[in-house]
Amino acid sequence: MIITIDASAKERRDAKVAHELFTINTVIVHLFLTLGLIKLLNTDMNSAISLSILISFIIIIYTYFRTKKAKSNDPYLVYLHWQLSLNRYKLLIGAYIFYFLVTSLTLIILNDAPASMDGTRIIDSILSLLGVVPLFFCILVSVVLGSGSMFNAGRGEVDQKLAQKYPQS
């Protein structure tokens, strides 16, 4: 259930910042940067994705410290939306872990399989795509979640369960 917190226009605008950063991370860093590295700079897919995940972790760490600061310095609505944004990163972190676990299986699996036309082993290509597809879907879901949260923040709304989990101090 969604509740509305009485907040000024500035507080609602400040609450949107957390979700704007989240959406920038998912869209610009994961989609555009990765695609740009692959297509424009001719980087291999795993390196481009690894670099975007590294940049994303820097943004996640910033969000973590910004949420800690918001808890003590910012209005309650702003803090709740920073906390919500930080909680949304759990989905992406899970996808990162899955991606790295699946792609690291290429180090364990030894076979004499023939190489594909691009020179990579077929098993490497299969495992790479097996790791990328769930990551891509998690990124798309995160974009939708971030956009909806940005809309709610602009209206001063927050989920009641989140407000109960993180009460005003």
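1. Packing of α1 and α4. In this predicted model, helix α1 packs against helix α4 (residues 122-154) at an angle of about 160°, and the axes of the two helices are 8 Å apart. Angles over 145 degrees count as roughly antiparallel. The helices α1 and α4 are therefore roughly antiparallel to each other. The crossing of α1 past α4 is left-handed.

2. Residues at the contact. On the α1 side, the residues that meet α4 include R12, K16, E20, F22, V27 and L31. Among their counterparts in α4 are F136, I139, V143, M150 and G154. Sorted by class, the contact of α1 with α4 comprises 9 nonpolar, 9 polar and 3 charged residues.

3. The position of V27. Which helix holds V27? V27 belongs to α1, which covers residues 9-39. Leaving aside residues up to four places away in sequence, V27 touches F32 and V143. V143 is also listed among the α4 residues at the contact between the two helices. By comparison, V27 and K69 are separated by 42 residues in sequence and by 25 Å in space, from C-alpha to C-alpha.

4. The database annotation. An unreviewed UniProt entry assigns the annotation "transmembrane region" to residues 21-41, 47-65, 91-110 and 122-145. In the model, the span 21-41 is 90% helix and 0% strand, with its end C-alpha atoms 25 Å apart. The span 122-145 is 100% helix and 0% strand, and its end C-alpha atoms lie 35 Å apart.

Key
Residues numbered from 1 in each chain as written. Predicted model: local features only at pLDDT ≥ 70, side-chain atom pairs only at ≥ 80, totals over all residues. Heavy atoms only, no water. Helix = DSSP H or I, 4+ residues; strand = E, 2+ residues; numbered from the N terminus. Contact = heavy atoms within 4.5 Å. UniProt positions renumbered as here; feature names shortened; annotations may be inferred. Axes fitted to C-alpha atoms, helices over the stretch in contact; angles between N-to-C directions. Parallel < 35°, antiparallel > 145°, perpendicular 65-115°, else oblique. Left-handed = near helix turned anticlockwise from the far one by under 90°. Nonpolar A, V, L, I, M, F, W, Y, C, P; charged D, E, K, R; others polar.
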